[in-house]
Amino acid sequence: MKILTTDPVTEADKVLYQRCTLDLATGEQRLQDLPCRNLEDVLGGFGRSFQDLALRKIKTAYCDENPLIVNTGLLTGSSVMTGMRTYFSGYSPLKGSKRGLPAAMWSAGSGKFGAKLKWTGLDELVFEGRSAKPIYVLIKETSDGPLVEIKPAEHLLGLSTHAKIMALQQDYPDAHFAAIGPAGENWQQNYMGAVALSTENQLRSQEDKCRFAGRGGMGSLMGYKNILALVAQSNDKLKPLSPAVKQANLNVIKGGGSARIQPLSRGGGGGTWAAYDVLQAFHAVPLNNFRPQGNALPEKLFRENVEPEFEIKSEACFRCGITCHNNIYSKNPDGSAGKFLAKFDYEPLNLLGTNLGLHSAVEAAGLIQLADNYGMDAISLGVTISYLLVFNQRHPDRPLLNGATFGDYAKIRELVIQTGEGKRPEIGQGSMRLSQGLGETDYAYHVKGLEIAAYQPETNPGYAWAIAGGHMSMGTYGLLTREGKSDIDSWVKGITEEKLNIVGFDMIGLCKFFDIAKGIGTQMVVSCLKSELGLEVSAETISAAVRTAFLRGLALELRQGYTKAEFCLPAEVSQNPNPHIQLPSITTAEFMAELSKRVWNRFEPELAGLLPEID
Amino acid sequence: MQITVKLVGPLRIGRFKEQVCEYTDGTSIQAIVDGFEFRDHLLRIILINGVHARVDARLQDGDTLSLLPVFDGG
């Protein structure tokens, strides 16, 4: 970026970002230094991409006019801890309104690709149209600025995400990579393709330890465009730590922002896996398609019950001191670590384990790695399969597909493989389409076409207003369980004020664990922006820009045909309340109706004028 | 007073899962928590008989006190 001001608010146009627009049909490209329109543009990520998506009228995700926008955030590639995020944006093949229009979507991931991309000098790639043949795109740092080249990629076809990255590493040993898997290649049948992002650990160990931009099928959109991978080749450009950044990084590790995510050995909570123990105390761990039974089954995947048989290593993204990854290895007879099996983050572990009726760590690990290798979003995959398993349970006389039911690992595994290979569009196209086709939508656990995360909807009415995935774009998932809030005032305030701030991390280039409780409108971020980039902006102004970006996303949902009635939870939640969840009931039809009225009363006046007029 | 104390997740490490503990009447939750010497930031949720409570809430003989760590998803 070229920063020619200290004031990114009143002089946003003096902050310029470098974009490469690549026409995949013709190979033509245009490099531009573009002035930012506002602080959302400056911050980057979806704050910028959604403004550009809003300029287009898109009726179907798989069309030449739907771009794939790959960008970074203001602090991606900086010395600020967690500054490694890459964002993929476009109109989603998966998430869409009942009117049949695709929703604008972004998905974010860590790994080192984002930093490497930033260090090439490029801030944004916009892919227009589609290539006739499979390609990968090389983005290379040169003395004359970033160079973008299209390369043939037939040799990568059919390879797993990890295998693609390993193959490309042979040719570009100093680069990092973003790759789709077979799921994204089979975009017609699979709308939940993810983008894998390479990590230092992966390239060093040759073990498949990618991070993923999984949500909303951005990998499928990439597959539609026939882009199998991106290669970012640049020298590392980390500045020495300034006192301000050093202090911020220390705060991240020790100050509470992420301390609870730290490894157990450092006195932390042990990564996101710890959610199992907490939610089980309320019998709120999703089980058998989000129907906890008030029993101890989820405890089989508690860390304390897995640890005796496996080696668990706490590992981290590049230069990140949070160390939130729990990587699971088989244990050798001498007690040392054997083969790498999978990463046990809470969402994939639950949704490809307990929520499918699978309670063995080996089985869950097997499915997690399959989903990663095929390049599928673990959340959408797991939730769509769990829907299918309920259907088969309810209809033993006319089971679907291979007749899999809860706990049948062999058949579930077969479904995962077939879905990844594009042979099961029933699953690959997500739970909304599958449930509508079957005429049984009440127990399909999606909101607005996007499968929900591994938090019971009974604990999170805020899902309804999340704009890009239930827990990552609306931070209300702990408001009841963690904070004990069950009154409507707290929920209105949570949804319309405090908890939407979580999306700031999907603009600025930092991971949510930088300060998940407070967001990016903090003195810590203010100090980092001043120190790293010479920008002077207040915490309040940053928060206001985050709010505007969120509201723009909401306005864009409405423009894509969503009715207010679609901002709702799966019907089963209120129609058949689960008696086993030991928390106050806040998802009755009456509560949700009142919440909806008050949330929209708050949001609606602010939506006017956020989107440009388009024909 | 007798209080059943339940510890959840990493709070159990080196301690216990569930135990009936004897405290003098009027012992505060804060004093009980302090006695465990949890690492900073780890304790977040306090339940008395399954209901969310604050650290300054009063305990009664026979109560169950659950102490849970904070959690975040991802």
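This is a predicted model: local features need pLDDT of at least 70, side-chain atom pairs count only at pLDDT 80 or more; totals for chains, interfaces and linings use all residues.
Ground rules. Local features need pLDDT of at least 70 and side-chain atom pairs 80 or more, while totals for chains, interfaces and linings use all residues. Residues are numbered from 1 along each chain as written, chains are lettered from A in the order written, and side-chain values use heavy atoms, without hydrogens and water.

Entry 1, extent. I looked up contacts (heavy atoms within 4.5 Å) and found 36 residues of chain A touching 20 of chain B. The buried area (accessible area, 1.4 Å probe, lost on putting the two parts together, summed over both) is about 2,200 Å², and carbon and sulfur atoms give 64% of it. On the chain A side, A:Arg260, A:Val278 and A:Arg482 lose the most area to chain B, together 27% of what that side buries.

I found 1 salt bridge across the interface (side-chain nitrogen of Lys or Arg within 4 Å of a carboxyl oxygen of Asp or Glu) by the rule. A:Glu304 and B:Arg12 form this bridge, at 3.1 Å, N to O.

I took helices as DSSP runs of H or I, at least four residues, numbered from the N terminus. Of chain A, α9 (275-280) and α11 (346-351) each supply at least two residues of the side touching chain B. The most comes from α9(A), with 4 residues.

I checked burial (under 20% relative accessible area, 1.4 Å probe, protein chains only). In helix α2 of chain A (residues 46-53), 8 of the 8 residues are buried, so the helix is largely enclosed by the rest of the structure. Among them are A:Arg48 and A:Asp52.

Definitions and conventions. Buried means under 20% relative accessible area, exposed over 50%, partly exposed in between (1.4 Å probe, protein chains only).
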